[in-house]
Amino acid sequence: MERRVIFNNKALPYVLLAPQLAIILVFFIWPALQAVKQSMLMQDPFGLRTQFVMFDNFIAVLSSPHYLASLRTTIVFSLAVTLASMCVGLFLAVMADKQIRGANIYKGLLLWPYAVAPAISGILWLFIFHPSIGFVGLRLREIGIAWDYKLHGNHALFLVIVAASWKQVSYNFLFFLAALQSVPKSLLDAAAIDGASSTRRFWSIVFPLISPTTFFLLMMNMIYALFDTFGVIHALTGGGPSKATETLMYRAYLDGVVNLNLGTSSAQSVILMLIVFLLTALQFRFVERKVHY
Amino acid sequence: MKHFRQLKHLPTHFYLILGVIVLAFPVYFALVGSTWDPGTIARGEMPLIPGRHAVENYLQAWRTGSGERVMGAPVATMMSNSLFLALAISVGKISISIISAFAVVFFRFPGRMLFFWTIFASLMLPVEVRIIPTFRIVADLGLVNTYWGLTLPLIASATATFLFRQFFLAIPDEMVEAAKMDGAGPLRFFLDIVLPISRTSIAALFVIMFVYGWNQFLWPLLMTTSRDMNTIVMGLVHMIGTGEAQTDWHIIMAATILALLPPTVVVIAMQKWFVKGLTETEK
């Protein structure tokens with residue numbers, strides 16, 4: 001889309017674009033290129049010599065059993081977070097979309113967790129599920145479950161999934177509610193007259209109509225689970241116990257910042273970039289289709 | 001008939017109230033924890049109702065951020081750092097995005113689409129995936145432990161640029177004609193017409209960006225090593241440490257409640273703009 005009426009000025013548009021472009025070039029494009037370059041170099045242990053190794057770092061990363069284990073953890077973690085927060089969000093949105101009293105109050109009371117930082121969400125749930133002081137943690141031990149997220153990998157994974165999903169419910173709720181409110185009421189009335197039950201009306205009319213939003217949220221939640229949950233994991237488990245909660249993002253951080261392994265951590269960054277690229281491309285393809293029908 | 005309808009909605013109310021309770025539950029616990037003494041919490045005897053130590057716990061957290069076992073920076077310091085970060089990021093993102101969208105929409109110049117796609121490409125490079133190379137560049141520029149290093153790499157915004165672009169494309173040509181006929185140059189047009197009619201978009205973006213800035217974690221974690229530069233979110237994670245039972249939970253929980261207040265208040269107070277901003281920018 002283009003404007004017909006424009007201003008004529010040679011230098012001004014460049015001046016206006018300069019700050020944004022400068023930041024993107026220096027802090028986005030340049031580091032991304034650096035990551036690609038570093039991912040094909042290998043440093044000797046003393047950092048004295050650097051050698052071009054092509055895809056050796058990628059091969060080393062992708063054939064490492066630890067990396068494959070954290071890939072598996074990431075898949076389990078992001079699918080669980082996406083599914084849990086989307087299902088709860090959709091359910092609450094369907095409820096809040098009904099013609100009931102106080103619908104706006106419910107909306108207000110359901111959307112504030114969006115404002116809570118992932119790391120803080122981790123701290124809040126830690127306090128509840130702490131094995132020796134947490135309210136739920138203690139109750140679990142009382143009923144005979146040896147609950148301890150610092151010892152058992154599956155307990156830890158469960159806890160980070162809960163903390164990461166809790167914060168994300170509001171986001172999904174809000175988008176689903178907006179989508180539900182744009183479903184034409186006449187369609188639903190017509191189906192009701194034809195005798196379709198409310199369950200039937202939901203799955204045959206509403207659900208297909210909101211599928212673009214569902215797909216969009218699927219992508220956004222995957223990106224959230226892959227990257228933004230770093231704080232949850234860092235605050236709760238630090239990737240442990242014995243790597244049970246180490247996602248790809250957390251591993252890239254450990255290799256780059258803690259273990260200072262530039263080559264392999266850059267290779268991991270490049271892999272993560274490819275994942276974001278893929279998700280974004282998928283999303284835009286779908287949005288395009290939606291616009292043109 | 002009316003009564004019948006209200007009864008029919010009982011399960012709906014039940015599920016919604018359940019949802020509200022489940023979402024509020026962790027924060028309620030933190031709130032209760034912030035009002036008890038450390039001994040009660042460490043023995044696992046904390047009841048479900050608030051205790052009597054609220055005032056002293058909050059004052060201690062605010063002034064020192066430390067207790068017997070926790071050594072933190074004063075919450076007051078960390079919160080003002082976070083406030084600075086959140087304001088710098090939101091104001092910065094909005095300012096540079098509104099002028100770049102203005103340039104792309106209201107001018108024709110060589111390289112226009114190239115620049116537009118360059119901004120678009122930044123969408124695919126979240127700070128997390130380029131964290132290590134970005135850190136090295138900021139370190140090379142000597143910006144570690146400075147407010148510039150903390151904020152500058154985070155203030156480019158493809159989403160804000162897109163939102164403003166969409167909005168500017170919808171401004172009627174007649175309006176631009178009229179302004180030009182009255183002798184307004186591009187800057188006058190920007191200041192007197194574009195800026196005032198963009199108010200709601202600016203408010204909507206502000207809520208989203210403020211929350212984004214306040215909640216930053218990984219970047220401040222790498223960028224600030226000195227304690228008086230700590231933001232509240234990363235400072236809290238430092239205070240938690242390994243999460244021992246014997247730590248000063250009363251201080252940590254008071255600090256947690258204080259940390260989540262500002263973004264939550266902004267979201268609730270500006271709910272209308274928040275919903276608009278979220279559903280329009282990200283779609």
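This is a predicted model: local features need pLDDT of at least 70, side-chain atom pairs count only at pLDDT 80 or more; totals for chains, interfaces and linings use all residues.

Colleague: OK, so try it on H2(B): how far apart are its end C-alpha atoms, and what should the helix span?

Modeller: Helix H2 of chain B, residues 10-33, has 24 residues, so it should span 34 Å. Its end C-alpha atoms are 33 Å apart, which agrees.

Colleague: And where in H2(B) is the kink?

Modeller: At Phe25(B), with a kink of about 45°.

Colleague: Which residues of H2(B) are buried?

Modeller: Pro26(B) is one of them.

Colleague: Switching to chain A. Is Ala96(A) buried or exposed?

Modeller: Buried: 25 other C-beta atoms lie within 10 Å, and the cut-off for buried is 20 or more. Ala96(A) sits in helix H3 of chain A, residues 65-96.

Colleague: What does Ala96(A) touch, ignoring neighbours within four places in sequence?

Modeller: In chain A, Ala103(A), Tyr106(A), Lys107(A) and Leu177(A).

Colleague: How far is Ala96(A) from Gln181(A)?

Modeller: They're 85 residues apart in sequence, but C-alpha to C-alpha the distance is 10 Å.

Colleague: How many residues does each chain put into the A–B contact?

Modeller: Chain A gives 77 residues and chain B gives 77 residues. On the chain A side, helix H1 (residues 12-38) gives the most, with 18 residues. That side of chain A divides into 61 nonpolar, 13 polar and 3 charged residues.

Colleague: Now H12(B) and H15(B). At what angle do they pack?

Modeller: About 170°, with their axes 10 Å apart. Angles over 145 degrees count as roughly antiparallel, so H12(B) and H15(B) are roughly antiparallel to each other.

Colleague: Which residues make that contact?

Modeller: From H12(B), residues 199-214, it's Val207(B), Phe210(B), Val211(B) and Trp214(B). H15(B), residues 249-269, brings Pro262(B), Pro263(B), Val266(B) and Val267(B). By type, the contact has 8 nonpolar residues, no polar and no charged.

Colleague: Last one: which residues are buried in H7(B)?

Modeller: In H7(B), residues 131-140, they're Ile131(B), Ile132(B), Pro133(B), Thr134(B) and Val138(B). Just after that helix, Gly142(B) takes a positive phi of about 70°.

Key. Residues are numbered from 1 along each chain as its sequence is written. Chains are lettered from A and ligands numbered from 1 in the order in which they are written. Two residues are in contact if their C-beta atoms, placed from the backbone, lie within 7 Å. Helices (H or I, at least four residues) and strands (E, at least two) are DSSP runs, numbered from the N terminus. Ala, Val, Leu, Ile, Met, Phe, Trp, Tyr, Cys and Pro count as nonpolar, Asp, Glu, Lys and Arg as charged, and the others, Gly among them, as polar. A residue is buried if 20 or more other C-beta atoms lie within 10 Å of its own, exposed if 12 or fewer, and partly exposed in between; C-beta atoms are placed from the backbone. The expected span of a helix is 1.5 Å times one less than its number of residues. The bend at a residue is the angle between axes fitted to the seven residues ending there and the seven starting there. Axes are lines fitted to C-alpha atoms, for helices over the stretch in contact, and angles run from 0 to 180 degrees between N-to-C directions. Angles under 35 degrees count as roughly parallel, over 145 as roughly antiparallel, 65 to 115 as roughly perpendicular and the rest as oblique.
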